[in-house]
Amino acid sequence: MSSSTAASGRTPLTEAAPFALCAREPRVPAERLVAEMVPPPRFDSVRFDTYVPDPNQPSQSEAVTVLSAFAAGLGARPAGGPGGGGRRWFARKPQRPTGPRGVYLDGGYGVGKTHLLASLWHATPAPAEEKAFGTFVELTNLVGALGFQQTVSTLGGHRLLCIDEFELDDPGDTVLVSSLLGRLVDAGVALAATSNTLPGKLGEGRFAAADFLREIQGLSARFRPLRIDGEDYRHRGLPEAPAPFSDEQVTKAAYATEGASLDDFPGLLDHLAAVHPSRYGALTDGVRAVCLTDVTAVPDQSTALRLVVLADRLYDREVPVLASGLPFDRLFSDEMLNGGYRKKYFRAISRLTALARDARGLVAE
């Protein structure tokens, strides 16, 4: 079926009809979760020399200098460590590293933290299988798939673990990640992370503050905070989302676009509840565009957090999103945008808005 046929509204051929994400039930083997811990396609080609520091923000140039040196220092394995050449005559407990074993990139939206983190991964002189890159959610999902001990064993042989969008949203994740990173640092793994909040400030005002602060203080000692100044997205307000299209326009575009999916938004939200977030990447395998009808406000916090993960996976894969209904800057209630998860919701709005702009060319003039 040609695009002109779809745009004219003529009935499409059955074999050319778009598929539905709601019809997919991906099964992801644990080894795929590990193999996919690399910078996403959007950041596959970034390097330190493609990062353009703001001349009015010296901390951005400093970050490039510090991270370049950090990467260079990860080129050789410690003697006697995993894969090292030293002969050992008796068992010896590994020496606990002293001082920070990682860097923590702190800054607002749009200052290039993920660009720098991915550049660090690419610049570290080690095979890809000895480096891991993933979001905080992907890391906790990996633990859920492999189990804690197997995750420690799997990542413990790495030289570098990069964690993007480091967030602590509940006490369980706080304890889990604090324990995991402590074990990895003891095994000699270097750490790097991004967030929009300094380590000592994560979790303030959420849930059991005393428990958060106790765990976070031990965790923050693992990192050297590296502030990256610049215009903060939060100070600019919400991005203005493109005006949504009609149901008819979205449906026609889905039929006219090879590899497009077509779903009713409320139905997709229900389907996400039945799919583990670790599988959302597989859910979008081969998708060239996501078309959604009847976008409405997200009804509750659990649904909203699942949508955030899907938005991240679509953004990583540069999949345009065409939608009817409400614009994306009205997905979340004022209560959600002022609550403890506001960082996640702002990020989701920003990313979905960018993908909606990318999708405008799918609609015939």
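Biologist: A crossing is left-handed if the near helix is turned anticlockwise from the far one by less than a right angle, and right-handed if clockwise; which is the crossing of H5 and H6?

Modeller: The crossing of H5 and H6 is right-handed. This is a predicted model, in which local features need pLDDT of at least 70 and side-chain atom pairs 80 or more, while totals for chains, interfaces and linings use all residues. Residues are numbered from 1 along each chain, and side-chain values use heavy atoms, without hydrogens or water.

Biologist: At what angle do H5 and H6 pack?

Modeller: Helix H5 (residues 136-146) and helix H6 (residues 148-155) pack at about 115°, their axes 7 Å apart.

Biologist: And which residues meet there?

Modeller: From H5, Leu139, Leu142, Val143 and Leu146 meet Phe148, Gln150, Thr151, Thr154 and Leu155 of H6.

Biologist: Turning to Gln60, where is it, and is it buried or exposed?

Modeller: Gln60 belongs to helix H3, residues 58-72. Its relative accessible area is 6%, so it is buried (under 20%; exposed is over 50%).

Biologist: What is Gln60 in contact with?

Modeller: Beyond neighbours within four places in sequence, Gln60 contacts Tyr51, Val52, Pro53, Asp54, Val111, Ile228, Asp229 and Gly230 (heavy atoms within 4.5 Å).

Biologist: Which other residues of H3 are buried?

Modeller: Besides Gln60, the buried residues of H3 are Ser59, Ala63, Val64, Val66, Leu67, Phe70 and Ala71. Their cover includes helix H4 (113-123) and strands E1 (102-106), E3 (160-164), E4 (190-195) and E5 (224-227).

Biologist: Finally, what about Ser220?

Modeller: Ser220 lies in helix H8, residues 209-220, and counts as buried because its relative accessibility is 18%. Ser178 is 42 residues from Ser220 in sequence, yet 9.2 Å away in space, C-alpha to C-alpha.

Terms used: Helices (H or I, at least four residues) and strands (E, at least two) are DSSP runs, numbered from the N terminus. Buried means under 20% relative accessible area, exposed over 50%, partly exposed in between (1.4 Å probe, protein chains only). Axes are lines fitted to C-alpha atoms, for helices over the stretch in contact, and angles run from 0 to 180 degrees between N-to-C directions. A crossing is left-handed if the near helix is turned anticlockwise from the far one by less than a right angle, and right-handed if clockwise.
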